[in-house]
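Here is a short report for a reader who is new to this structure. Look over the sequence and the model first, then read on.

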Amino acid sequence: MIQITVDEDSCVGCGLCVKDCPMKVFELKDGRSVPLRPEDCMGCLSCHEICPAQALEHRGIYPAKRHYVDIRVCEMLNRVI
Amino acid sequence: MTASYVDELHEKFSTDISYKSEDVPLNCVPPAKEIEATLHGVMKLNGLVIRSLEEIAGRGANAVTFRAGKKFGHEVAKYFQKRDDIEDALHELSDLLMGQYSFEIWKPAGSDTFVIEEGGDKFIYLVFHDCIVRQTLRRNGQEQAGPLCQTLCGYVVGAIEEITGKRAKLEIKHTGPNACLKKLILK
């Protein structure tokens, strides 16, 4: 099962994750986002993308294959890292 | 990995075909690096075609791409075994889509069954994980759930119709960077 952690110090309580989640996994409580139904999470990671504070962490998701990163970007990164 | 699985794999790749030495290529041509560049070129081209189609045809672009996908689905799935049961058909479909798309049948934790009945509709949720359409769109910085996604919808609908012999519809419920939720409505 997917485990979701919200960094309480980082969360600004904007509620974007609450609005965006199709499975209504999150709810706002005391001005902070709380993952009330993590068992309904399908791992789309929309909440990750939309969170302005990058306060979310998901464990146990399947990471989809990503081939879209530009080769030139990868080559540049390889030179740096 | 179990030994029987390894044996099964070996059996799968052993044939009686004899090759002359000159038939067997010594190296993989073109090299993988070159294929990657080609793939990126194809992705870029696909994105541009879809963007232009949207600009010219407007909302009609979805209908065009859906139709194209559906034809492709019918075409590919006609060589597959016909199934009455939808779960068997989806299993067949996942074999068909292997390498391009991977999906799982999904249900909310509160639901007992994968086939959900609601408001007279019978449907199954599908979560698409690996998807070349999503990769193409995100590589080009384009929005999801547009005409290119309709190609995949048409593909799945065409394949399901061909395998089961029944009509189906696929709705995009949600798109995300890592997975997309789709609703397969059975008729």
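## A covered helix in chain B

The buried residues of α5(B) are B:V133, B:R134, B:Q135, B:T136, B:L137 and B:R139. This is a predicted model. Helix α5 of chain B spans residues 132-139. Six of its eight residues are buried, so the helix is mostly covered under the cut-off of 20% relative accessible area. After α5(B) comes B:G141. The phi of B:G141 is positive, near 70°.

## A cysteine in the next helix

Where does B:C149 sit? Its place is in helix α6 of chain B, which covers residues 147-164. Is B:C149 buried or exposed? B:C149 counts as buried because its relative accessibility is 6%, and the cut-off for buried is under 20%.

Which residues does B:C149 touch, leaving aside those up to four places away in sequence? They are B:V133, B:L137, B:Q144 and B:I172.

## Chain B as a whole

Chain B has 187 residues, and 38% of them are buried. Its secondary structure holds six helices and five strands. From the N terminus, the order of elements is α-α-α-α-β-β-β-α-α-β-β.

Consider the contacts in chain B with a separation of 6 or more. Of these, 62% join residues 24 or more positions apart. The accessible surface of chain B is about 11400 Å². Carbon and sulfur atoms account for 53% of that surface.

## Chain A as a whole

Chain A has 81 residues. Of these, 33% count as buried. The chain contains three helices and four strands. Read from the N terminus, its elements run β-α-β-β-α-β-α.

Contacts in chain A between residues at least 6 apart in sequence can be split by distance along the chain. Residues at least 24 apart make up 49% of them. Chain A exposes about 5400 Å². Carbon and sulfur atoms supply 52% of that area.

## Where the chains meet

The area buried between chain A and chain B is about 2100 Å². Carbon and sulfur atoms give 57% of this buried area.

Across the interface of chain A and chain B, the rule finds one salt bridge. The partners are A:E49 and B:R138. Their closest N and O atoms are 2.1 Å apart. The count of residue pairs in polar contact between chain A and chain B, both at pLDDT 80 or more, is nine.

Definitions and conventions:
Residues numbered from 1 in each chain as written. Chains lettered and ligands numbered in written order. Predicted model: local features only at pLDDT ≥ 70, side-chain atom pairs only at ≥ 80, totals over all residues. Heavy atoms only, no water. Buried area = accessible area lost by both parts, 1.4 Å probe. Salt bridge = Lys/Arg side-chain N within 4 Å of Asp/Glu carboxyl O. Polar contact = N/O pair within 3.5 Å; in protein donor to acceptor, adjacent residues only side chain to side chain. Helix = DSSP H or I, 4+ residues; strand = E, 2+ residues; numbered from the N terminus. Buried < 20%, exposed > 50% of the residue type's maximum accessible area, 1.4 Å probe, protein only. Contact = heavy atoms within 4.5 Å. Areas by Shrake-Rupley, 256 points an atom, 1.4 Å probe, with all protein chains shown as cover.
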